[in-house]
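Welcome! Please take a moment with the sequence and the 3D view before reading on.

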Amino acid sequence: MFSFKKSTVPAVAALLMALTIPAGALAEEAGVAATAEPAAKSAAKPAKKAAAKKHAKKGAKPAAKVKTVAKAPAAADKGAAKPAVKAAVQEPAKEAVKAPAKEAAKAPAKEVAKEAAKEPARDQDKDALKEVSDLQKEQQQRELAQQSQHPANVAVLRVNGSVITKLDMDRALKVMLAQSQVKQPLAPEAQKEAEAAVLEQLTSVELLYQEATKLEIPDLDKQVTDKVSQNRSKFKTDEEFIDALKSVDMTMQDMQDFTRKDIVINNFIEQKFTAKAAATDAEAKKFYEDNKDAYFKLPEAVRASHILVGADAKATPEERKRAKEKAEALLKRVKAGEDFAAIAKAESSCPSASQGGDLGAFGRGEMVPAFEKAAFGMKTGEVSGVVESEFGYHIIKVTDRQEAGAEKFENVKEKITDFLKKQKVQQEITSLVEQLKKTAKIQKD
């Protein structure tokens, strides 16, 4: 199963989203709702994974990674969408969370909640409005005194009369380079190219925003205030919030302005493009067939549980002997019919004990050789003998197997269809921006 970890919104909106959310703690708030796709989540990943990873790095890997990451699915034309998406191959039993289904379920729930809690919500809104208003007033007083004299507050571009300043350009460049993890400072020629690219994106954002403002949003001011308040709530104090804004050269007024643009553009994309986007079963099938080998391959994998009687490299020969004898005794209990998971919970020294010894699914190369050889040499339901590794003695039970091959179309159809819809939205927006540029008055200062 693959999922889309990056929005298929074109760079104009992606840049806007990046600027709207200035700090890591606010990242989860970013994204154009109509076109952003959450990363796929596995329904069966046990809570022990984090602890087990540390153990796995040492070599035994008794709690191995469940998934194998695949390449990003390509666009229908083999190029347009490749940078926008990443694919994660997952076993069929661990179906990814479906964003469309989540959204469909949210709507009625929201309406019920709205009616059930109308009065408390109003009080909360008032508190939120007051909190943000007080913070804004205090901060904006300081900002207004400084902003007009900011050395970078000079116009570099005008788009239909709207000014884009050097500060806007520098801030956008800083955010984009940070997101791309590009080392700074850039070489002079690379700096010029990056600035030109950023100005192009800022121009596109401004044109899209100007077009989007033609659609009225009755409660826009309240939406802006609520969003800013949500972002503020991610920080313990006002000072931390303001420091986060300063880290990307933003003021409270900037935060409001970018949040407003985010909401306006999001509303425009939803109404004009997303609601009308559609992809046929035939289109989804063609995408699947065209990209089956590249993006829908499933590697050979095994899902197993184990009981570990620990005896690491520091153990004495006598200690290892006792550990082996204990493992052999536990194996007899398993062979006699006792529940494997119950014995693992009570006796295993691996962090997976809390999960009944379940390690999840793993591919070749993820376990130490002795463990891997035993696991991949067994059939589903079989229990191994005592397997020795540098970590001690294992009793392994294979609970599922996945042969190498392609994921079934039925398992990925919905995700492919969703992706194709978003791709069409992206193409429509890009086309619109190009048309707006032809008639816009764009002046460089």
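This is a predicted model: local features need pLDDT of at least 70, side-chain atom pairs count only at pLDDT 80 or more; totals for chains, interfaces and linings use all residues.

Residues are numbered from 1 along each chain as its sequence is written, and side-chain values use heavy atoms, leaving out hydrogens and water.

- Three strands form an open sheet in the order 4-3-11, with antiparallel pairing; strands are DSSP runs of E with at least two residues, helices are runs of H or I with at least four, and both are numbered from the N terminus.
- Strand 4 (162-165) and strand 11 (442-444) are the edge strands, each pairing on one side only; two strands pair if DSSP finds at least two bridges between them.
- On average, neighbouring strands of this sheet are turned by 20° against each other, direction ignored.
- Strand 3 (residues 155-159) joins strand 11 through 3 antiparallel bridges, and V159 has I442 of strand 11 as its bridge partner.

**Helices on the sheet**
- Helix 5 (residues 166-180) packs on the sheet and touches strand 3 and strand 4, where contact means heavy atoms within 4.5 Å.
- The direction of helix 5 makes about 55° with that of strand 4; axes are lines fitted to C-alpha atoms, for helices over the stretch in contact, and angles run from 0 to 180 degrees between N-to-C directions.
- Helix 6 (residues 188-212) also packs on the sheet, touching strand 3, strand 4 and strand 11, and its direction makes about 35° with that of strand 3.

**A lysine in helix 14**
- K422 lies in helix 14 (residues 409-439).
- K422 counts as buried because its relative accessibility is 8%; buried means under 20% relative accessible area, exposed over 50%, and partly exposed in between (1.4 Å probe, protein chains only).
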